[in-house]
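Colleague: Hi! I'm new to reading protein models. Could you walk me through one, feature by feature?

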Amino acid sequence: MELLQDGVLAFLASVGLVSLVWLVAGLMRRPGPAELALVLPLKGAAPALEADVRTLRRLRHQVPEATIVLLDCGLDRDALLLARYLAQREEDVLLADGDTLAVCLTEKRQAERE
């Protein structure tokens with residue numbers, strides 16, 4: 001009986017030690033923050049623009065380092081004004097068109113690093 005108890009104790013000790021080493025190794029190899037862009041392509045009148053941005057803001061609570069990008073793919077005048085307003089009002093919301101998308105994201109990354 002004593003041999004069985006010693007065996008169980010040795011097994012639990014080894015599992016605990018392996019778990020501790022695994023935890024320390026995982027903390028040392030932890031990657032930096034991920035860079036993620038939630039891109040919302042917009043076209044025409046974009047009637048659900050505010051609701052879509054609200055949904056993406058809720059999603060961003062699960063991924064706090066994400067940036068919301070409103071991509072102008074041919075918005076009409078009123079929708080463009082609303083998209084500009086939302087981009088100015090919200091901290092992590094950018095408005096870009098297809099040509100300036102990469103530039104906007106690069107500038108955002110550089111501003112965060114400073």
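Colleague: Let me start with the strands: how many bridges join strand β1 to β2, and do they run parallel or antiparallel?

Modeller: Good place to begin, and keep in mind that this is a predicted model. Strand β1 (residues 36–44) and β2 run parallel, with 8 bridges joining them.

Colleague: Now charges. How many salt bridges does a search of the whole structure find?

Modeller: First the general idea: side chains of opposite charge can pair when their charged atoms come close. The search finds 3 salt bridges here. In one of them, glutamate 90 pairs with arginine 57, and their closest N and O atoms are 3.2 Å apart. That pair links distant parts of the chain, 33 residues apart: glutamate 90 is in the loop between α3 and β3, while arginine 57 is in helix α2. Glutamate 90 counts as buried because its relative accessibility is 13%, whereas arginine 57, at 32%, counts as partly exposed.

Colleague: Which residue does arginine 89 form a salt bridge with?

Modeller: Arginine 89 pairs with glutamate 90, again with closest N and O atoms 3.2 Å apart. Shared partners therefore join Arg57, Arg89 and Glu90 into one network. Another salt bridge brings together the side chains of arginine 77 and aspartate 78, at 2.8 Å from N to O. Arginine 77 counts as exposed, at 61% relative accessibility, and aspartate 78 is exposed too, with a relative accessible area of 54%.

Colleague: Which side chain of opposite charge is nearest to arginine 60, and how far away is it?

Modeller: The nearest is aspartate 92, 4.5 Å away. A salt bridge needs the nitrogen and oxygen within 4 Å, so buried arginine 60 has none. Arginine 60 lies in helix α2, and its contacts beyond its sequence neighbours include Ala66 and Ile68.

Colleague: And the surface: how much accessible area does the nonpolar patch have?

Modeller: About 730 Å² together, from Leu17, Leu20, Val21, Leu23, Val24, Leu27 and Met28. One of them, valine 21, has its place in helix α1 (residues 2–28).

Key: Residues are numbered from 1 along each chain as its sequence is written. This is a predicted model: local features need pLDDT of at least 70, side-chain atom pairs count only at pLDDT 80 or more; totals for chains, interfaces and linings use all residues. Side-chain values use heavy atoms; hydrogens and water are left out. Helices (H or I, at least four residues) and strands (E, at least two) are DSSP runs, numbered from the N terminus. Buried means under 20% relative accessible area, exposed over 50%, partly exposed in between (1.4 Å probe, protein chains only). Lys and Arg count as positive and Asp and Glu as negative; His and the chain ends are not counted. Contact means heavy atoms within 4.5 Å. Patches are made of residues with over 30% relative accessible area and no salt bridge: like charges are joined within 9 Å, nonpolar side chains (Val, Leu, Ile, Met, Phe, Trp, Tyr) within 5 Å. Accessible areas come from the Shrake-Rupley method with a 1.4 Å probe; for residues, only the protein chains shown count as cover. Two strands pair if DSSP finds at least two bridges between them. Lists of a residue's contacts leave out its neighbours within four places in sequence.
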